[in-house]
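Student: I have a new model on my screen. Can we walk through it by question and answer?
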Amino acid sequence: MGHGTNRVEDMASPNNGTTAPATANARETIVEIHSVCLPPKKTAFQKLKKRFGDVFFPDDPLERFRNQTWRNRVILCLQSLFPIFTWGSQYDLKLLRSDVVSGLTIASLAIPQGISYAKLANLPPIVDSSFVPPLIYSVLGSSKHLAVGPVSIASLVMGSMLSESVSPTQDSILYLKLAFTSTFFAGLFQASLGLLRLGFVIDFLSKPTLIGFTAGAAVIVSLQQLKGLLGIVHFTGKMQFIPVMSSVFSHRSEWSWETILMGLGFLAILLTTRHISMRKPKLFWISAASPLASVVISTLLVFLIRNKTHAISFSEIEKTKTEEMKSLMQIGHLPKGLNPPSSNMLYFSGTHLALAIKTGIITGILSLTEGIAVGRTFASLKNYQVNGNKEMMAIGFMNMAGSCTSCYVTTGSFSRSAVNYNAGAKTAVSNIVMASAVLVTLLFLMPLFYYTPNLILAAIILTAVIGLIDYQAAYKLWKVDKFDFFTCMCSFFGVLLVSVPLGLAIAVGVSVLKILLHVTRPNTLEFGNIQGTQIYQSVKRYREASRIPGFLILAVESPIYFANSTYLQERILRWTREEEARIKENNGSTLKCIILDMTAVSSIDTNGIEALFELRRRLEKQSLQLVLVNPVGSVMEKLHKSKIIESLGLSGLYLTVGEAVADLSSTWKAHGQP
């Protein structure tokens, strides 16, 4: 296998999948044979260090600390831990003006959304997550445009998981404790992923899984809002499609045409303003202001209607019924003041601790996935980087702090962030402005929401979640990858018909099954030569690629290790039997050599090496030679240490398929073999 030249015949043919003639119209070419080198020697510690760095520190965060003075290192360390130090020194009045406008704009959206999403999580409206968490994120977060707050998916998941075991009405104190504890564990899990640089864990929630999950959750959330839009008094607490629809139609007598008319009217207004802002982004302020405007208008309408009907005389039974309907129709009394500390309500022992941990981990993963995705989306629009690990720590720490201040799971909201971006936000100060506006509302304005009807909260939630149903993305999955579409549908129908956490678990299970199928049943291809070149490609993919007489050229497109080594061995032997049958049927040249292109084999373990030994032994019994081509550095090193290179001989390892075919063909010709 040393350097040298061989005169070989060009045996390519334009026929699809056919065998090239060995002598007809042959052109002689010069092919230089190169040796396959071993990688540079490294100690076990050096290999472990490199592998550890590649897995946990792909961005090399310590690079900018090198060759710096101690003073600069301290400054860089502060900037790494607290991104506010990076842009804080350059902050000026112009930036402040832009951030104040955007902060007040998203506050107008955050206040009604906060009340609505707390209701979705079966929590009191006072439990709002738009004050403390934004302040924490503005110091620790690396995104300039991410507007944090509660989101519909996390609210829905928390509400559905906790309410399955604890009633939010009959045992409200325990429910609150579990909600705050779940938020704490969500934050702890998120911060741990960032500190330990284990962000790849959230990659198990594939895009098809999230598309199906969010669509299914959006449908469930929308159906739950029928209670408010139809004015139903007695409604199921279950979160599945069939029980919800059964509850809707079994209580038709409770439908209120006044509530339906008002609810559909406000829903139409909110959807129209959303559509206008999507078509014309410069009019973002219309959709941003419409929720708060709708809350104000609907509150005034209910107040006027209530005062008008207050003087009407009713019987005692009718009065009782009317008061019951009114209490369900409107939010009721909301105490003003700061959110009370809730650290004393964290639930670290008892029978429901496992439920709190499970709920925290699931909501933590979902909110973290959404927050990072939203942050990176808007960062790409402005051409700056968002550090994933910093985001995990920022979101985690703000949830841990939020759990101690009567807040539940919080993350980056797409709707708020879109409004924040279009409003011209320049830095995370917009979150501080939003938090300040929420603080003023908590201190002075909460009693004004007494007459706010539940129907407007339902309309706001419906408007927000409708955008989560991405049918175009699902259709694209169908066109591109049917298995991904199947995963999406498993997630969608699992959430819709079974439950939110089980639907997500089913989809993750299907995604893991897909990984296992790719791992345990890797793809193998048969290669042929493209006429007039030294290029070898799949005979099924390229019509001009033709087989070479005497050779079966195969390529493996995966690592070779314990999970697939036996399968690959059997699959290669099957390729061999099929090729011999084809040759016999067409009276072709005798098969002499199996060339295994290992360019795409990124790694191999001892099981894979043993499989190659066994494959070589079984092929030798059939008078067939096994040749390996272009193993990568780490694979070559293991093959060398295992002595398989010696057993293959000098003609058993080549740098390219073309060199292998040329050298072996010239050797056979020199020995007078056909």
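Tutor: Start with a term: helices here are DSSP runs of H or I, at least four residues long, numbered from the N terminus. Keep in mind that this is a predicted model.

Student: Which helix gives the largest share of the nonpolar patch?
Tutor: The patch covers about 620 Å² and is made by Phe-241, Ile-242, Phe-493, Leu-497, Val-498, Leu-502 and Ile-506. Helices α10 (241-250), α20 (482-498) and α21 (500-520) each supply at least two of its residues. With 3 residues, the largest share comes from α20.

Student: Is Ile-242 buried or exposed?
Tutor: Ile-242 sits in helix α10 and is one of the patch residues. Exposed means over 50% relative accessible area. Ile-242 has 59%, so the label is exposed.

Student: How many helices and strands are there, and what percentage of the residues is buried?
Tutor: The protein has 26 helices and 11 strands. Its length is 674 residues, and buried means under 20% relative accessible area. The buried part is 49%.

Student: Of contacts between residues at least 6 apart in sequence, what percentage joins residues at least 24 apart?
Tutor: A contact needs heavy atoms within 4.5 Å. Take the contacts between residues at least 6 apart in sequence; those joining residues at least 24 apart make up 79%.

Student: What percentage of the accessible surface belongs to carbon and sulfur atoms?
Tutor: The accessible surface of the protein comes to about 33,000 Å². The part that belongs to carbon and sulfur atoms is 63%.

Student: Now the rings. What kind of aromatic pair do Phe-303 and Tyr-451 form?
Tutor: Ring centres within 6.5 Å make a pair, and the count comes to 14 aromatic pairs. For Phe-303 and Tyr-451 the centres are 5.1 Å apart and the planes are at 65°. Over 60 degrees counts as edge-to-face. The pair of Phe-303 and Tyr-451 is edge-to-face.

Student: How far apart in sequence are the parts that this pair ties together?
Tutor: Phe-303 lies in helix α12 (residues 284-310). Tyr-451 lies in the loop between α17 (429-445) and α18 (454-466). The pair therefore ties together parts that are 148 residues apart in sequence.

Student: What kind of pair do Tyr-450 and Tyr-451 make?
Tutor: The ring centres of Tyr-450 and Tyr-451 are 4.8 Å apart. Their planes stand at 80°, so the pair is edge-to-face.

Student: Which residue sits over the ring of Trp-668?
Tutor: A charge sits over a ring if NZ of Lys or CZ of Arg is within 6 Å of the ring centre and within 35 degrees of the ring normal. Lys-144 lies over the face of Tyr-384, at 4.9 Å from the ring centre. Over Trp-668, at 4.7 Å from the ring centre, sits the charged end of Lys-592.

Student: Is Gln-190 buried or exposed?
Tutor: Gln-190 is placed in helix α7 (residues 172-195). Beyond four places in sequence, its contacts include Gly-364, Leu-368, Met-392 and Asn-399. The relative accessibility of Gln-190 is 0%, so the label is buried.

Student: What covers the buried residues of α5?
Tutor: In helix α5 (residues 132-140), the buried residues are Val-132, Pro-133, Pro-134, Tyr-137, Ser-138 and Leu-140. Their cover includes α2 (70-81), α3 (84-88), β3 (148-149), α15 (388-403) and α17.

Student: Where is Asn-383, and what is its phi?
Tutor: Asn-383 lies in the loop between α14 (353-381) and α15. Asn-383 is exposed, at 73% relative accessibility. Most residues other than glycine have a negative phi. For Asn-383 phi is positive, near 60°.

Student: Which loop holds Ser-623?
Tutor: Ser-623 is not a glycine, yet its phi is positive, about 60°. Its relative accessibility is 63%, so Ser-623 counts as exposed. The loop is the one between α23 (606-621) and β10 (625-629).

Student: What distance separates the C-alpha atoms of Pro-168 and Asn-122?
Tutor: Pro-168 is in the loop between α6 (152-163) and α7, and is partly exposed at 24% relative accessibility. Pro-168 touches Asn-122, among other residues. The two are 46 residues apart along the chain, and their C-alpha atoms are separated by 6.2 Å.

Note on methods:
Residues numbered from 1 in each chain as written. Predicted model: local features only at pLDDT ≥ 70, side-chain atom pairs only at ≥ 80, totals over all residues. Heavy atoms only, no water. Patch = residues over 30% accessible without salt bridge, like charges linked within 9 Å, V, L, I, M, F, W, Y side chains within 5 Å. Areas by Shrake-Rupley, 256 points an atom, 1.4 Å probe, with all protein chains shown as cover. Salt bridge = Lys/Arg side-chain N within 4 Å of Asp/Glu carboxyl O. Buried < 20%, exposed > 50% of the residue type's maximum accessible area, 1.4 Å probe, protein only. Phe/Tyr/Trp six-rings, centres within 6.5 Å; stacked < 30°, edge-to-face > 60°.
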